[in-house]
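Please keep the sequence and the 3D view open while you read.

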Amino acid sequence: MLLKGKHIVLGVTGSIAAYKIASLASMLVKKQADVTVIMTPNATNFINPITFESLTGNKCLVDTFDRNFQFQVEHVALAKLADVFLVAPASANVIAKAAHGIADDMLTTTLLACQCPKIFAPAMNTRMYENPIVQDNIEKLKGYGMEMITPSNGYLACGDTGAGKMPEPETLFEAIVKALAPKDLAGKKVLVVDADPQASLSISLGHHQPDTLPVTLSDMMGKVLTDQPIAPGEGILHHPEGVDLMPANIELSGMEVSLVNAMSRETILRQYLDTVRRQYTHILIDCQPSLGMLTINALAAANRIIIPVLAEYLPAKGLEQLLQTVGRVRRQINPKLQIDGILLAMVDNRTNFAKEIGALLRETYGSAIKVFATEIPHSVRAKEASAVGKSIYAHDPTGKVAAAYENLTKEVLRIERQRDKRRAEIGR
Ligand SMILES: Cc1cc2nc3c(=O)[nH]c(=O)nc-3n(C[C@H](O)[C@H](O)[C@H](O)COP(=O)(O)O)c2cc1C
């Protein structure tokens, strides 16, 4: 699980919303996170530190000069340990202090010493929140790379209605998970290419009517076929979660037909990707579940393949044909092509049948091709994620499918590192 063993620091300040952090601490502890709460002295007027100590099992820190502690210099030790620091509720006062590097209590001192992701959930009266001084301080913190959770609108404890209400613990929880989410992809720039006319990838990333998209992969491949120039980034869409998408729609099946009589028909996709390759660290091509000319194009363009197989009898049988095609493409068009592994997907481990298929695949192919240790479990939450156009990390961040994909990412990146190392050794 993403949160298991992670050190989460919650900074609680003098706001009426402080009581909500008890539920948040409890949610995090249930997910096996190691939670430490730091309170400003003013916050102790709103909720007793004992509440947090009971919920987290850790000492709640208030006083920087408290001599009854377990670390050497506690604020520094804790700062080194923290994976995420969330200040919630964040008072106008603490926001101002943090924006100016003031460290005059345990919370602000630890905050300044922390290098992990820092998140603020401002909570205050609307007039305070809208005050340009507060807004300037918020912008300043954003400029230093800190994340702000926008307060919601609503009825405030002071009787006013407007912006300034701290979001519910579930939203804060999601922000923490997001900050922890796939660290392995940090710094990577990823393009996903939908090479399937059914457009499942495009739909899953929120383009529910792909046929209305003005530019898709079919247009880009058409330009390559007719020797037309492609503008930088043409047709590439940006997903809010940080990946780029070259979408597809049904026009791509027309392209499949056009390719049949084209010159260099197997390398049209590769020629398109050559125009964007330099902007990305990783390009993922989602293929259709058949071995037509589009799939051959994908195999000709790729360096590595992951073969997802449903844990059912017929898809497992179809694998044989795919492996033959991969062999042929490697010999005739793309000698660099490597199989990273076979990935068992939508595994329902409650059934013996799914386990048998997994065992059969490992027995049949395991000696020649890696079968990933990670299996993607069957889950309704994963299907929902596609329907809402979010990744599984955003839709169900603590669920079993997100955890499985995180493990898979680690396995894939490990293979990449090993291969790079081997290549470097050969080059020496
Ligand atoms: C009942 C009550 C509720 C308060 N709620 C908030 C609040 O939501 N946000 C805020 O910025 N200040 C609030 N304040 C004012 C802060 O507690 C005050 O500015 C304090 O100095 C903040 O200290 P701290 O930032 O060190 O915790 C409230 C004060 C009282 C008495």
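1. Two terms come first: helices (H or I, at least four residues) and strands (E, at least two) are DSSP runs, numbered from the N terminus, and two strands pair if DSSP finds at least two bridges between them. With these terms, an open sheet of five strands can be described, which has the order 2-1-3-4-5 and parallel pairing. Strand 2 (34-39) and strand 5 (147-148) stand at its edges with a single partner strand each, so one side of each is left without a neighbour in the sheet.

2. The model is a predicted one, in which local features need pLDDT of at least 70 and side-chain atom pairs count only at pLDDT 80 or more, while totals for chains, interfaces and linings use all residues. Residues are numbered from 1 along each chain as its sequence is written.

3. As an overview, the protein chain has 18 helices and 13 strands, and its C-alpha trace spans about 75 × 50 × 45 Å along its principal axes. The chain is divided into domain 1 (7-180) and domain 2 (182-298), with bounds that come from an automatic or database domain assignment. The centres of domain 1 and domain 2, taken over C-alpha atoms, are separated by 43 Å.

4. A residue is called buried if 20 or more other C-beta atoms lie within 10 Å of its own, exposed if 12 or fewer, and partly exposed in between, with C-beta atoms placed from the backbone. Of the 428 residues in the protein chain, 37% are buried. Two residues are in contact if their C-beta atoms, placed in that way from the backbone, lie within 7 Å. Among contacts between residues at least 6 apart in sequence, 74% join residues at least 24 apart.

5. Returning to the sheet, strand 3 (84-90) has seven of its seven residues buried, so it is largely enclosed by the rest of the structure. Strand 3 runs parallel to strand 1 (residues 7-12), to which four bridges join it, and G11 stands opposite V87 in this pairing. Strand 3 also pairs with strand 4 in the parallel sense over four bridges, where F85 has K118 as its bridge partner. Strand 4 in turn pairs with strand 5 in the parallel sense over two bridges, and F120 has M148 as its bridge partner there.

6. Leaving aside neighbours within four places in sequence, V84 is in contact with I8, C116, P117, I119, I176, A179 and L180.

7. For comparison, most residues other than glycine have a negative phi, and most peptide bonds are trans. D227 has a positive phi, near 60 degrees, and is found in the loop between helix 10 (217-225) and strand 9 (237-238). With 6 C-beta neighbours inside 10 Å, D227 counts as exposed.

8. Helix 4 (residues 92-99) has six of its eight residues buried, so it is largely enclosed by the rest of the structure. The buried residues are A92, V94, I95, K97, A98 and A99, and they pack against several elements, including strand 3, helix 5 (106-113) and helix 7 (132-143).

9. Which residues are closest to the ligand? They are G14, S15, S91, N93 and M124, out of 16 that surround it, where a residue is near a molecule if its C-beta atom, placed from the backbone, lies within 6 Å of it. Helix 4 gives the largest share of this shell, three residues.

10. A nonpolar core is a set of buried Ala, Val, Leu, Ile, Met, Phe, Trp, Tyr and Cys residues joined through C-beta atoms within 7 Å. The largest one has 77 residues, of which L10, L86, I95 and A121 touch the most other members. Apart from it lies another core, of 33 residues, among them V192, M220, L269 and V276.
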